[in-house]
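Have the model open alongside as you read.

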There are 2 protein chains.
Amino acid sequence: MANTILGETQEEEDEILPRKDYESLDYDRCINDPYLEVLETMDNKKGRRYEAVKWMMVFAIGVCTGLVGLFVDFFVRLFSQLKFGVVQTSVEECSQKGCLALSLLELLGFNLTFVFLASLLVLIEPVAAGSGIPEIKCYLNGVKVPGIVRLRTLLCKVFGVLFSVAGGLFVGKEGPMIHSGAVVGAGLPQFQSISLRKIQFNFPYFRSDRDKRDFVSAGAAAGVAAAFGAPIGGTLFSLEEGSSFWNQGLTWKVLFCSMSATFTLNFFRSGIQFGSWGSFQLPGLLNFGEFKCSDSDKKCHLWTAMDLGFFVVMGVIGGLLGATFNCLNKRLAKYRMRNVHPKPKLVRVLESLLVSLVTTVVVFMASMVLGECRQMSSSSQIGNDSFQLQVTSEDVNSSIKTFFCPNETYNDMATLFFNPQESAILQLFHQDGTFSPVTLALFFALYFLLACWTYGTSVPSGLFVPSLLCGAAFGRLVANVLKSYIGLGHIYSGTFALIGAAAFLGGVVRMTISLTVILIESTNEITYGLPIMITLMVAKWTGDFFNKGIYDIHVGLRGVPLLEWETEVEMDKGQPEVTRGPGGLWKRASVGQDKRGHGESGLWTVSWSGLQSASQPRLSYAEMAEDYPRYPDIHDLDLTLLNPRMIVDVTPYMNPSPFTVSPNTHVSQVFNLFRTMGLRHLPVVNAVGEIVGIITRHNLTFEFLHARLRQHYQTI
Amino acid sequence: MANTILGETQEEEDEILPRKDYESLDYDRCINDPYLEVLETMDNKKGRRYEAVKWMMVFAIGVCTGLVGLFVDFFVRLFSQLKFGVVQTSVEECSQKGCLALSLLELLGFNLTFVFLASLLVLIEPVAAGSGIPEIKCYLNGVKVPGIVRLRTLLCKVFGVLFSVAGGLFVGKEGPMIHSGAVVGAGLPQFQSISLRKIQFNFPYFRSDRDKRDFVSAGAAAGVAAAFGAPIGGTLFSLEEGSSFWNQGLTWKVLFCSMSATFTLNFFRSGIQFGSWGSFQLPGLLNFGEFKCSDSDKKCHLWTAMDLGFFVVMGVIGGLLGATFNCLNKRLAKYRMRNVHPKPKLVRVLESLLVSLVTTVVVFMASMVLGECRQMSSSSQIGNDSFQLQVTSEDVNSSIKTFFCPNETYNDMATLFFNPQESAILQLFHQDGTFSPVTLALFFALYFLLACWTYGTSVPSGLFVPSLLCGAAFGRLVANVLKSYIGLGHIYSGTFALIGAAAFLGGVVRMTISLTVILIESTNEITYGLPIMITLMVAKWTGDFFNKGIYDIHVGLRGVPLLEWETEVEMDKGQPEVTRGPGGLWKRASVGQDKRGHGESGLWTVSWSGLQSASQPRLSYAEMAEDYPRYPDIHDLDLTLLNPRMIVDVTPYMNPSPFTVSPNTHVSQVFNLFRTMGLRHLPVVNAVGEIVGIITRHNLTFEFLHARLRQHYQTI
């Protein structure tokens with residue numbers, strides 16, 4: 001009902017159903033005969049060694065992810081400095097000579113080149129487009145999406161995001177960092193495993209979906225940690241999205257991995273940028289600087305209990321804005337799916353270039369024409385009493401732009417638009433000098449529309465930084481209005497900008513606990529915990545009234561069968577439908593059933609790798625794992641050479657004790673078991689031990705369950 | 001093998017086996033007929049209302065826990081100020097007049113009175129003794145420990161800890177805060193539920209083990225949050241100990257609850273102590289103050305990459321010290337179990353008084369005799385540029401003691417001993433003035449021994465603050481040695497004190513991710529993440545080589561069947577043993593089996609509440625839940641009045657779809673399922689659907705599994 005307000009009807013929502021061709025990861029351990037052989041040779045000492053290797057692995061993943069972040073950051077910084085340096089000099093010269101068109105052309109030249117390169121890289125590997133968070137969400141949720149954790153994807157993503165950010169598009173590098181971390185996590189232990197086997201370890205390490213997913217969790221967390229300097233937030237991100245059972249051992253490893261990533265990045269950036277090797281001053285790619293009252297003002301508080309009321313209202317508005325953003329972006333994405341994707345790939349490149357062109361012109365024109373000259377505040381240095389503070393303060397001051405403005409004044413629009421986005425965020429958070437409300441409103445509107453258009457074009461493009469910047473402008477606007485027109489002099493503008501950023505970001509992405517913690521860690525100020533959390537809660541609830549979060553929307557558009565957190569109350573009316581009869585997993589399970597028919601043992605299931613091994617002589621676990629993760633297709637097996645009457649015994653490769661449920665188990669129970677244990681398939685067994693069907697991920701998606709619920713009501 | 005180093009042999013370790021009389025909580029939802037009736041009346045709207053009530057509940061729990069913390073803090077502060085005020089005046093007068101014995105008597109009077117009161121309160125409710133963390137650990141692990149979440153326990157705990165801290169014992173109020181929070185969590189929703197039912201909500205809220213445990217999680221988290229100003233750490237504590245499946249909805253509620261607690265406490269303390277209502281400056285009961293280089297020293301870093309090496313070594317030493325502490329305390333606890341507990345209860349009070357007497361005398365004598373007069377450093381104010389900083393700095397300066405020392409110097413031992421423990425910690429973290437190495441070593445040794453003796457006497461007594469103080473002294477000692485004797489001038493003493501505190505605390509309690517986050521949040525400095533984490537890791541690993549964490553030791557001594565995080569590798573050799581034959585759950589399940597024998601449905605299990613209802617007319621869910629959590633005992637049912645031939649139909653109350661496993665399921669799988677789903681019992685079903693036994697918590701404790709493993713090797 002609420003959906004219609006933003007112009008979406010139920011039919012449109014249901015347009016795209018989950019596709020049936022996505023496979024699930026299998027997090028469950030299959031303790032079959034080959035695995036038992038491995039198990040027999042294991043003792044606690046070997047277990048500890050295995051554990052030690054895991055710790056080394058997560059450390060290596062953290063360090064590599066940190067280095068990837070360093071690489072991206074270094075080159076983005078280099079290219080941006082080059083670009084802004086050249087153009088700014090040109091603008092300053094031309095504003096006297098009247099050759100501003102030339103400056104614009106220079107800027108266009110830089111931006112279009114960079115965006116073209118980014119776009120080309122995405123042509124090579126289409127999965128590298130976008131932020132990558134939807135893909136990682138799918139993977140951690142247990143869906144195999146082809147190609148997302150490949151090395152080629154990593155390379156295209158890293159170089160692509162570098163160029164798209166340097167190209168002045170309204171995109172962030174944080175989402176792609178998370179994706180990159182995940183790829184590093186998936187790849188590194190596999191590579192190591194091969195080299196380790198050469199030096200004669202006697203069991204293959206980490207060659208299963210279970211281990212791989214654990215490492216991908218660690219890698220994704222490391223990505224968040226490197227992006228935001230938020231190791232705890234990163235860990236919680238992995239847990240929130242991965243959401244298997246709370247495995248404490250794993251969680252600790254993930255936190256360690258995140259810490260390694262943050263501090264690797266921190267170590268090298270501090271060294272390279274400040275020459276003070278061994279000190280740690282720049283935690284993440286994105287820093288919010290230090291929120292701090294000026295020393296002289298004893299009455300100043302960052303926030304007071306009274307402000308919480310405003311924050312709630314800002315949360316509501318942020319939720320509404322986020323919902324609008326998502327709605328517009330969804331329509332755009334659907335339009336692209338219908339009109340851009342079927343056409344030759346060049347069209348995608350042209351679209352990216354068009355976006356770049358428009359963005360560049362808007363940035364340039366707005367800076368030149370729409371800005372207002374504001375008095376440079378004398379207290380514009382925020383404080384200079386510590387090294388870290390100085391960094392922020394220098395950053396803030398150097399990024400103030402004075403185009404077309406007389407002495408002692410600056411151009412507020414240019415200061416926002418004509419800077420890297422991170423600098424603009426710092427300006428809004430920390431600059432004491434005011435921004436005119438008109439400027440802020442215009443900036444917000446232009447940025448909102450352009451960012452919305454940009455997300456979904458075929459370049460690697462994060463959404464965090466644009467959302468934060470957009471929201472910060474909104475928050476700063478609120479602070480300005482409250483200060484100037486309502487006369488609330490005591491409020492701290494920076495806090496309002498931060499809360500605005502949180503509200504808008506929360507309204508767009510709808511993440512909960514991990515986003516809260518990421519933002520708290522980015523501000524490095526625990527006292528912001530409550531306002532940030534309340535704002536995010538309100539923004540999420542408001543937004544959820546209208547549509548889903550942007551990542552879920554894009555996952556949905558791709559038809560990935562994602563499992564939600566938990567079932568809705570109504571779904572529990574009745575038992576889940578199972579896939580019955582021959583076909584699919586049922587067939588395989590029936591092999592086991594024949595076995596059982598002979599009275600030998602219980603219910604067995606067998607995996608593809610098992611089936612493929614069955615036509616060959618008895619394999620060891622190592623031999624079975626060798627081909628992971630790309631087993632030969634069952635249709636490629638050449639069975640014509642074999643005796644057609646030969647009986648293939650798959651028993652040794654079957655799982656002798658899969659989890660099962662009875663036919664009268666309720667949806668919520670099945671859902672819980674399936675999701676928590678990370679299952680790929682769940683046999684349904686009746687009272688006398690006969691298999692009556694198989695439940696897979698597809699029987700448990702919300703789209704499927706909703707459809708059944710409608711049937712349920714119709715039959716009543 | 002390593003155990004023998006600290007004098008423990010395998011036999012001693014296994015002395016106390018888990019007792020069989022502990023019941024498990026049942027986290028699994030039993031979807032029987034009465035529940036189905038409730039379910040039928042549910043729709044998504046009602047589901048949302050239910051959800052809203054839950055949010056209100058967790059908010060209320062947070063606020064109440066915060067208020068409890070406020071109460072404890074206020075009175076501890078009041079009593080301590082009174083005590084130290086009187087005694088200090090007396091000492092200052094008497095040091096001239098030579099009547100120091102009188103001062104000692106005054107101090108003794110205060111301390112013995114307070115400790116006597118604390119001890120009396122524990123006599124009323126013995127469960128209120130100790131820190132309460134072991135009890136909460138058990139509850140969150142799924143064991144019902146009688147009396148731990150009762151209102152009476154809360155009252156005794158709160159007043160008891162107030163007196164034991166004010167009485168100068170070497171105990172903390174943080175552990176008891178966590179326990180208090182858990183009790184609030186368990187009690188508040190139950191109380192509300194009764195009043196809500198009066199205003200005609202049509203289903204009883206939260207009257208199940210499942211809901212109660214969720215709220216206890218939230219309450220315990222709120223307790224941590226209030227104690228340390230660490231809402232995220234609190235949430236992770238609950239997850240680490242509760243460790244059911246990662247339920248994101250719950251996690252977010254828990255975080256909100258923690259935030260509410262922190263900010264309630266913060267709001268009132270800021271208001272009461274500084275008169276600035278509405279500002280938020282004092283996050284938790286225990287604050288570490290702000291770690292900060294002095295403004296003038298540009299070369300100063302809190303820590304550098306090189307220091308990490310020292311931190312690792314300190315971690316090892318901390319682990320060793322912690323293991324020693326635990327070993328001594330375990331022996332003491334066993335001694336108490338044999339020699340103190342069987343005697344009249346008065347003996348326990350006398351022991352507490354003895355501890356108090358010795359502690360007081362040591363504190364007094366050490367301050368008077370063993371201190372050294374050190375030059376007051378001119379830069380002893382740590383910075384005065386913000387309000388919050390001033391607070392710390394005033395705290396630090398006002399707690400410097402100058403007993404028996406000439407002008408411009410202070411008595412370092414008195415500064416440590418003759419202050420509340422929190423002030424002493426702040427001294428060690430932030431005081432620029434040096435402490436003599438001899439003083440630090442003596443302080444550490446005395447404190448270590450007394451704290452070890454104190455933990456386990458019958459007063460409410462937390463262990464965090466004593467461990468932190470002890471460790472901080474150790475860390476400061478290391479810094480002193482490095483600075484003075486090795487000549488490493490660049491190191492920051494406060495950081496070393498912090499790392500020492502982390503190392504020792506980690507060595508004692510062996511918590512992982514939650515402790516890391518708690519310490520990071522307490523310092524409010526993300527950059528300490530890596531050193532803290534590395535130190536804790538090393539300390540835990542070192543300590544684990546010798547014995548378990550102190551909480552686990554005390555859980556073990558009580559014979560509580562706690563389930564570990566995960567199984568060891570070797571345990572997977574073979575299937576778990578099941579409880580067979582008549583008796584226990586098997587009997588109950590057999591009722592269901594008869595039913596199944598008639599070919600009607602699958603396997604059913606029935607709970608106590610169901611069995612008790614069976615002899616009465618058909619009950620609704622509300623009626624069944626009414627008596628929760630204390631159902632009448634089955635032996636109390638008067639069946640003599642009924643027709644002995646009457647057949648009781650328990651089918652409506654049975655769980656129609658319990659989780660089951662097949663007999664050849666491996667230990668690790670069973671363990672995972674049982675622990676993750678929070679089960680109370682797990683039927684084992686063979687290939688043709690017959691029940692062959694029941695697995696309960698007792699079949700899965702490590703003690704039981706180890707015993708089986710030994711059998712396994714003997715039979716081979």
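**Cysteines and the interface**

C99(B) is partly exposed, at 24% relative accessible area (buried means under 20%, exposed over 50%, partly exposed in between; 1.4 Å probe, protein chains only). This is a predicted model: local features need pLDDT of at least 70, side-chain atom pairs count only at pLDDT 80 or more, and totals for chains, interfaces and linings use all residues. Residues are numbered from 1 along each chain as its sequence is written, chains are lettered from A in the order in which they are written, and side-chain values use heavy atoms, leaving out hydrogens and water.

**Disulfides**
- Over all chains there are 2 disulfides (cysteine sulfur atoms within 2.5 Å).
- C99(B) pairs with C94(B), sulfurs 1.9 Å apart, and the S-S torsion of -85° makes that link left-handed.
- C94(B) is buried at 3%.
- In chain A, C94(A) and C99(A) are joined, S to S 1.9 Å; the torsion is about -90°, so this disulfide is left-handed.
- C94(A) is buried at 3%, while C99(A) is partly exposed at 25%.

**Interface**
- Chain B puts 94 residues into the contact and chain A 93 (heavy atoms within 4.5 Å).
- About 8,500 Å² is buried between chain B and chain A, with carbon and sulfur atoms giving 66% (accessible area, 1.4 Å probe, lost on being put together, summed over both parts).
- There are 0 salt bridges between chain B and chain A (Lys or Arg side-chain nitrogen within 4 Å of an Asp or Glu carboxyl oxygen).

Note on methods. Buried area is the accessible area (1.4 Å probe) that two parts lose on being put together, summed over both.
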